[in-house]
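Me: I have a structure open and want a quick walk through it. Can we start with the charged pairs?

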Amino acid sequence: MPYARRVGADVEDHIVIVGSRSVVDRPDAIAWARARIAAVLATMPDARVLTGDASGVDALAIRAGRYWTMLGREGGITHGAPVPPDWPGMPHGDFAGWWIGHPHGPPRPEGHAEWKARLLARDRALADHARGVQDGGGRVVAVGLVVPWSRTHGTEYTVRQLLERGVKATVEVFDPKKVVGDGGL
């Protein structure tokens with residue numbers, strides 16, 4: 001069934017877009033990521049984009065999304081449009097924390113291990129948020145965009161978290177042989 005915005009509905013559909021920061025290392029990878037983001041957004045043009053706060057694919061998704069929700073590594077969630085008052089676990093307003101613990105957001109992490117733990121917590125919170133949207137009646141489509149030279153695997157971790165929560169998600173891997181001008185898509 002084609003996507004149609006549910007006028008008057010109190011839930012919003014979401015498109016989760018996550019991916020490698022390393023996509024910005026090559027212009028052909030950036031072009032690929034932009035094309036993939038545009039293709040997935042075209043399936044549900046009025047959906048809210050849910051992503052992280054990293055450079056690369058996350059930043060491209062924020063720029064492409066009409067409305068977006070970004071979960072930040074500092075323990076906050078920022079919205080490109082006001083938060084609906086009935087979102088599960090989410091106070092109404094333009095900024096609300098996802099971090100459980102310190103009432104005004106967590107202290108700034110020190111060292112690689114703390115940053116990694118914070119980023120993985122953000123990824124789990126993103127998956128929990130997507131599941132909450134789904135449980136509330138919204139549709140969720142998720143895609144992870146990966147480049148083969150990425151040294152980290154946070155995208156794959158996030159997609160696994162989504163799948164474990166019953167959210168439909170796929171991973172797409174950049175292949176330079178399939179870029180327009182090098183054999184077509």
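Predicted model: local features only at pLDDT ≥ 70, side-chain atom pairs only at ≥ 80, totals over all residues.

Me: Where do E172 and R36 sit in the chain?
Reply: E172 is in strand β7, residues 169–173, and R36 is in helix α1, residues 27–43. The pair links distant parts of the chain, 136 residues apart.

Me: How exposed is E172? And R36?
Reply: E172 is partly exposed, with a relative accessible area of 23%. R36 also counts as partly exposed, at 29% relative accessibility.

Me: Why would such side chains pair at all?
Reply: Opposite charges can pair when the charged atoms come close.

Me: OK. How many salt bridges does a search of the whole structure find?
Reply: Eight. One of them joins the side chains of E12 and R48, at 3.1 Å from N to O. That pair also links distant parts of the chain: E12 is in the segment before β1 (14–19), R48 is in strand β2, and they are 36 residues apart.

Me: Is E12 buried or exposed? What about R48?
Reply: E12 counts as buried because its relative accessibility is 16%, under the 20% cut-off. R48 counts as buried too, at 2%.

Me: What does R165 pair with?
Reply: D128. Their side chains meet in a salt bridge of 2.4 Å, N to O. R165 lies in the loop between α4 (154–164) and β7, and D128 in helix α3 (residues 111–135), so the pair ties together parts 37 residues apart in sequence.

Me: Which side of the cut-offs does R165 fall on, buried or exposed? And D128?
Reply: R165 counts as buried, at 18% relative accessibility. D128 counts as partly exposed, at 43%.

Me: Which α1 residues are buried?
Reply: D28, A29, I30, W32, A33, I37, V40 and L41.

Me: What do those buried residues pack against?
Reply: The buried residues of α1 pack against β1, β2, α2, β6 and β7.

Me: Now the strands. How do β2 and β3 run, parallel or antiparallel?
Reply: Parallel. Four bridges join β2, residues 48–51, to β3. T51 stands opposite M70 in β3.

Me: How does the chain get from β2 to β3?
Reply: Through helix α2, residues 57–64. This β-α-β crossover is right-handed.

Me: And how covered is β3?
Reply: Mostly covered. Strand β3 spans residues 67–71, and four of its five residues are buried.

Me: Last topic, confidence. What pLDDT does the protein average?
Reply: The average is 77, and 70% of the residues score at least 70.

Me: Which elements have the lowest and the highest mean pLDDT?
Reply: Strand β5, residues 95–97, has the lowest, at 46. Strand β6, residues 140–146, has the highest, at 95.

Me: Where does pLDDT stay under 50?
Reply: Residues 87–96 are one such stretch; the model has 30 contacts for them beyond four places in sequence. Residues 180–185 are another, with nine such contacts.

Notes. Residues numbered from 1 in each chain as written. Heavy atoms only, no water. Buried < 20%, exposed > 50% of the residue type's maximum accessible area, 1.4 Å probe, protein only. Helix = DSSP H or I, 4+ residues; strand = E, 2+ residues; numbered from the N terminus. Pairing = 2+ DSSP bridges. Right-handed = clockwise from strand over helix to strand, strands pointing away. Salt bridge = Lys/Arg side-chain N within 4 Å of Asp/Glu carboxyl O. pLDDT = per-residue confidence, 0-100. Contact = heavy atoms within 4.5 Å.
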